[in-house]
Amino acid sequence: MTSLSSSPNPSFCSRFWSSALRSKPLAPPSGGGAIRMNSGEGLVRRLGLLDLILIGIGASIGAGIFVVTGTVAHDAGPGVTISFIIAGISCVLNALCYAELASRFPAVVGGAYLYTYSAFNELTAFLVFTQLMLDYHIGAASIARSLASYVITVLELIPSLKDTIPSWVGHGQEVLGALSINILAPVILVLLTLVLCRGVKESSILNSIMTVIKVLIVLFVIIVGAFKVDVSNWSPFAPNGPKSILTGATVVFFAYVGFDAVANSAEESKRPQRDLPLGIIGSLAVCIVLYISVCLVITGMIPYKNIGEEAPLAKAFTAKGMKYVSVLISFGAVAGLTTTLLVGLYVQSRLYLGLGRDGLLPAIFAKLHPKRHTPVHSQVWVGLIASVLAGLLNVRVLSHILSVGSLTGYSVVSACVVAIRWKDKTPSTQASNRRISTRAEGIICLLAVAFSGFAGGLIFRFGASFLFVIVPSVFAIFSAVALHLRHVYTDPPGFSCPGVPLIPSLSIFVNMFLFAQIHYEAWVRFVVLSIVTLGIYAFYGQFHANPDTANGV
């Protein structure tokens, strides 16, 4: 009786682990992905290098400048500039890894999920997808609320509408303490979803026009604001200490995710192996310069305590008596946040498309419109989720649980560069005598680097002596050196990330160090979502996934 009742468990567990450890075989860029280029079932290749750079800038320059600067400045003070620099350095390391993988993989949708599926296994890829996707959902909702607030600010420039629009329409009205009702944000999301459903050409044109407008406005703001800077406002530079700066870096980290959007545009890029690395690095470089410049200007214009949270730039110039600039900023914010939201929704639908093709999600997510070649069902789903979140939750609550998915996802991508380049160093005659495979040994070293970064971050966060931070740092260095000495690394075709495995290891360490600084709510979100993801995979994903689909690599 007992043996009969317990017999299904081993079979379920063995099925689960065999499925979870499956991976997607990696083919050269001229392989399976190229077939889709001319296939009627695929997305249409319409994006050139300039389009990709503008997509990266459009995804980044928006909430980071027009919203997040104010939120983080309240805690970090003028040190918000350092927060953006730290996050930017981390993202440069991540971008180098993304650029190599983007040039190496066949040009199909998937991004970080696809790289993880090939380098490691199916379950890890699914976990990466869900963590990144929730970041995108939350980011879209947060941006939509800020965009709605700016739209109302622009409308109130009309004398007849000033102070007549109820707060629940666009600025948000708190209800029951936990909720904040906003009607305009979901309406904006619906309109942008309709634009994306029409096709990538239409959405790319809208993104290009509005991105150029907002970059010109941001440059104008930097130049004009520089003449109003009072250096005394930069003192104290870090009023709440270095911890607030590092915590701020985890919040603003999401402001740099534009390069991830470029990687997810692979299937619609005309020349992906050449243009994707250039688009990733080029867009990130522009964003870093603009972010640092804006932070220096806004914290120098007025005391950090007086910086507005939802419209920091506009309020800073209004406080200086430059109402005309604040009006221009409001128009720039509408353009900037629109493109950020547009690209964010675009990327989300392409990720759902990839998982629908692989069977980890229902097949409806993989369906394309027969004429427009857009993933309509995925796009509508993405718009619906963001609309619900945007209509009910405020920006501060949403921002506290941001970036955890990006930090973990980018760490895994950095590990993918190392794993895919591995070439077994052990002669076949010796390999059979080893207790642990070379690959497993490498994975252990990568995990050691990650846990060292997290441990160092925790030690720093809770105020222990700096000497204790050195211990995990040294352990991470030894692990990275072991990766270098114990493995041979092949030279990839196309763009090559320099210093493998040291640069990817440094990227992982920095990402996990920042992960330790995030708000407690984000940790809870990470654990809860991981458990939910395991449940979905156990009862649906493992039975329907097929790594050898046409979307394979």
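Predicted model: local features only at pLDDT ≥ 70, side-chain atom pairs only at ≥ 80, totals over all residues.
Confidence comes first, as a guide to reading the rest. Averaged over the chain, pLDDT is 85, and 90% of the residues reach 70 or more. Among the elements of the chain, the highest mean pLDDT, 95, belongs to helix H16 (residues 376-392), while the lowest, 40, belongs to helix H3 (residues 32-35). Two stretches deserve a careful eye. Over residues 1-8 pLDDT stays under 50, and the model shows zero contacts beyond four places in sequence for this stretch. Over residues 30-40 pLDDT likewise stays under 50, but here the model has 14 contacts beyond four places in sequence.

Attention now turns to charged pairs. The structure holds seven salt bridges. One of them joins the side chains of aspartate 358 and lysine 24, with an N to O distance of 3.0 Å. Aspartate 358 sits in helix H15 (residues 323-358) and lysine 24 in the loop between helix H2 (8-20) and H3, so this pair ties together parts of the chain that are 334 residues apart in sequence. Both aspartate 358 and lysine 24 are buried.

A second salt bridge is found between glutamate 100 and arginine 421, whose closest N and O atoms are 2.8 Å apart. This pair, too, links distant parts of the chain: glutamate 100 belongs to helix H6 (residues 80-104) and arginine 421 to helix H18 (residues 404-421), and the two residues are 321 residues apart. Glutamate 100 is buried, with a relative accessible area of 1%. Arginine 421 also counts as buried, because its relative accessibility is 5% and the cut-off for burial is under 20%.

Arginine 274 counts as partly exposed, at 43% relative accessibility, whereas aspartate 275 counts as buried, at 0%. Salt bridges with shared partners bring Arg271, Arg274 and Asp275 together in one network.

Finally, a look at valine 510, which lies in helix H22 (residues 502-515). Once its neighbours within four places in sequence are left aside, valine 510 is in contact with Ser90 and Leu93. Valine 510 can also be placed relative to serine 411: the two are 99 residues apart in sequence, yet their C-alpha atoms are 8.9 Å apart in space.

Technical notes: Residues numbered from 1 in each chain as written. Heavy atoms only, no water. pLDDT = per-residue confidence, 0-100. Helix = DSSP H or I, 4+ residues; strand = E, 2+ residues; numbered from the N terminus. Contact = heavy atoms within 4.5 Å. Salt bridge = Lys/Arg side-chain N within 4 Å of Asp/Glu carboxyl O. Buried < 20%, exposed > 50% of the residue type's maximum accessible area, 1.4 Å probe, protein only.
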